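Here is a short walk through one structure. Keep the sequence and the 3D view at hand.

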Amino acid sequence: MFLLAGLGNPDQKYQNNRHNVGFAFLDFLVSAENYKKKFKGLLAEKEIDSHKTFLLKPMTYMNLSGESLFEIKKFYKLDNQNIFVIHDDLDLEVGKIKVKNGGSSGGHNGIESISEHIGNDFNRIRIGIGHPGEKNLVDNYVLNDFKKEEVKLIENSFVSIKQNFQLVFLKKFGEFSSKVNNII
């Protein structure tokens with residue numbers, strides 16, 4: 001049993017923001033009517049590469065994402081090794097993808113919240129959103145929508161991740177990264 005948790009902010013005004021790329025990826029996998037309110041979030045189930053997989057969109061706002069993950073982890077007794085958090089990454093070019101287990105939050109408040117609630121040894125699927133160039137521009141940047149030309153890069157990354165999920169589930173992160181980043 002696996003958990004894919006996509007990070008974002010719940011209000012409609014944030015829907016297409018760079019910070020909501022985790023929500024957008026889960027919405028790419030399942031349609032809105034598949035979600036049910038549960039665990040301080042929206043939860044859906046989907047079989048991915050013959051694995052029962054929960055898809056969770058925490059509705060606690062980004063900075064409190066750990067509350068939602070803690071509840072589902074506890075209820076289903078999920079191992080952190082089977083939890084994959086999909087989130088935006090300022091340090092990667094738009095559409096680039098990196099996967100890793102553990103590590104620091106890199107200043108990402110959603111990841112920091114999750115680490116505080118369930119520990120640090122969960123998996124991260126990081127989707128690049130680019131950087132505005134200056135640190136003082138970051139807050140506005142992540143809460144703005146992708147540019148028209150960036151949307152296609154993000155869509156391509158979603159397709160690529162979906163096509164190579166088996167490698168993620170098998171923890172073949174190096175092979176996964178080379179395949180998904182060669183398509184873009």
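A residue is buried under 20% relative accessible area, exposed over 50% and partly exposed in between, with a 1.4 Å probe and protein chains only. By that rule, Phe2 and Phe84 are both buried. This is a predicted model: local features need pLDDT of at least 70, side-chain atom pairs count only at pLDDT 80 or more, and totals for chains, interfaces and linings use all residues. Residues are numbered from 1 along each chain as its sequence is written, and side-chain values use heavy atoms, with hydrogens and water left out.

Now the rings. Rings of Phe, Tyr and Trp (its six-membered ring) pair if their centres lie within 6.5 Å; planes under 30 degrees apart are stacked, over 60 edge-to-face and the rest tilted. The whole structure holds 12 aromatic pairs. Phe2 and Phe84 have ring centres 6.0 Å apart and planes at 50°, so this pair is tilted. Phe75 and Tyr76 have centres 4.9 Å apart and planes at 85°, so they pair edge-to-face. Phe75 counts as exposed at 51% relative accessibility. Tyr76 is partly exposed, at 23%. Ring pairs also link Phe2, Phe25, Phe28, Phe84, Phe158, Phe165 and Phe169 into a cluster.

Next, two helices. Helices here are DSSP runs (H or I, at least four residues), numbered from the N terminus. The axes of H2 (residues 65-76) and H3 (residues 109-118) come within 7 Å and cross at roughly 40°. Axes are lines fitted to C-alpha atoms, for helices over the stretch in contact, and angles run from 0 to 180 degrees between N-to-C directions. Contact means heavy atoms within 4.5 Å. Among the contact residues are Phe70 of H2 and Ile114 of H3.
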